[in-house]
Amino acid sequence: MFAIYTMTTVAKNLAWFRVSEEGIECGGFRRQSIRWGELSELGLRYYPTSRSRKKGWMTLTLKANAPYGSRRSEASVKIDSNLPGFSEIATRAAWAAKENNLMVDRVTADNLAALGVSA
């Protein structure tokens, strides 16, 4: 259990993100990239750390299907809210979801609203 926790912590500390007008790219142990035009799923979840639900963190999950005829499989990127610029990334992802006519679930819409982003 300790080894898994240590590996997860190291992976999070090595991770980097690059956001552009074309998409988002992340690196670390595994490199992933998603073009905004290929975004197929957006999820934003809140995980409280107390019973009052006033403290906690959010996780943004972005998924994209591989373009037709591509050898690449589905790409997936997860971002924790402790990352600097998290709300800007969530805003950009929500905008891409609107552009792609994606429907987000109610939980994601409520969490985006809590960040001040319309879904």
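Predicted model: local features only at pLDDT ≥ 70, side-chain atom pairs only at ≥ 80, totals over all residues.
Reader: Which residues of helix 3 are buried, and why are they said to line one face of the helix?
Author: Thr108, Ala109, Asn111 and Leu112 are buried. Seen down the axis of helix 3, these residues fall within an arc of 165°, so they line one face; the arc is that of the directions from the helix axis to the C-beta atoms. On the other side of helix 3, Arg106, Ala113 and Ala114 are exposed. The buried residues of helix 3 pack against strand 4 (39-48), strand 5 (56-64) and helix 2 (86-99).

Reader: Why does Arg92 count as buried?
Author: Buried means under 20% relative accessible area, exposed over 50%, and partly exposed in between (1.4 Å probe, protein chains only). Arg92 has a relative accessibility of 13%, and therefore counts as buried. Arg92 lies in helix 2. Leaving aside residues up to four places away in sequence, Arg92 touches Ser20, Glu21 and Trp36, a contact being heavy atoms within 4.5 Å.

Reader: What makes Arg45 and Asp105 a salt bridge?
Author: A salt bridge requires a side-chain nitrogen of Lys or Arg within 4 Å of a carboxyl oxygen of Asp or Glu. The closest N and O atoms of Arg45 and Asp105 are 2.6 Å apart, and the pair forms a salt bridge. This pair links distant parts of the chain, with Arg45 in strand 4 and Asp105 in the loop between helix 2 and helix 3, 60 residues apart. Arg45 is partly exposed at 31%, as is Asp105 at 33%.

Reader: How far apart are Arg106 and Asp110 in helix 3?
Author: Arg106 and Asp110 are 4 residues apart, which means that about one helical turn separates them. Their closest N and O atoms lie 3.3 Å apart, in a salt bridge. Arg106 is exposed, with a relative accessible area of 62%, whereas Asp110 is partly exposed at 40%.

Notes: Residues numbered from 1 in each chain as written. Heavy atoms only, no water. Helix = DSSP H or I, 4+ residues; strand = E, 2+ residues; numbered from the N terminus.
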